[in-house]
Amino acid sequence: MMDQTLQLTGRERQIVRFIAQGMTTPQIAEALSLSPETVKWHRKKILAKFSASTSAEMVRKSIEQGIL
């Protein structure tokens, strides 16, 4: 399971960084010129890759994996 987390796309890594900085979905969407729905879709995929149920858990796991 752990090496699956390392298979984040560049966009997913960007979004993880923004989430870790406390940015909201609309703020991330604006920063990346994406729709909020697209950001939500990416968030869901990232949470699934980390087997995380919350953003806080996802950020913790991304730190453990050296992504942040």
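**Salt bridges**

I searched the whole structure and found four salt bridges, counting a side-chain nitrogen of Lys or Arg within 4 Å of a carboxyl oxygen of Asp or Glu. I kept in mind that this is a predicted model, where local features need pLDDT of at least 70, side-chain atom pairs count only at pLDDT 80 or more, and totals for chains, interfaces and linings use all residues. Residues are numbered from 1 along each chain as its sequence is written, and side-chain values use heavy atoms, with hydrogens and water left out.

*Glu-12 and Lys-49.* I looked at this pair and found its closest N and O atoms 2.8 Å apart. Glu-12 sits in helix 2 and Lys-49 in helix 4 (residues 36–50), so the bridge links distant parts of the chain, 37 residues apart; helices here are DSSP runs of H or I, at least four residues, numbered from the N terminus. Are the two partners buried or exposed? Glu-12 is buried, at 2% relative accessible area, and Lys-49 is buried too, at 18%. For this I used under 20% as buried, over 50% as exposed and partly exposed in between, with a 1.4 Å probe and protein chains only.

*Lys-40 and Glu-37.* I noted 3.4 Å between the closest N and O atoms of this salt bridge. Both residues belong to helix 4, and because they are three residues apart, about one helical turn separates them. Lys-40 is partly exposed at 42%, while Glu-37 is exposed at 54%.

*Arg-60 and Glu-64.* These side chains meet in a salt bridge at 2.7 Å, N to O. They are four residues apart in helix 5, so about one helical turn lies between them. Arg-60 comes out partly exposed at 41%, and Glu-64 exposed at 52%.

**Helix 2 against helix 5**

How do the axes of helix 2 and helix 5 cross? I found that helix 2 (residues 10–20) and helix 5 (residues 55–64) have axes that come within 10 Å and cross at roughly 115 degrees. That makes the two helices roughly perpendicular, a label that covers 65 to 115 degrees.

Next I checked which residues touch, taking contact as heavy atoms within 4.5 Å. Val-16, Ile-19 and Ala-20 of helix 2 meet Ser-55, Met-58, Val-59 and Ser-62 of helix 5. I sorted the residues of this contact into five nonpolar, two polar and no charged.

How values were computed. Axes are lines fitted to C-alpha atoms, for helices over the stretch in contact, and angles run from 0 to 180 degrees between N-to-C directions. Angles under 35 degrees count as roughly parallel, over 145 as roughly antiparallel, 65 to 115 as roughly perpendicular and the rest as oblique. Ala, Val, Leu, Ile, Met, Phe, Trp, Tyr, Cys and Pro count as nonpolar, Asp, Glu, Lys and Arg as charged, and the others, Gly among them, as polar.
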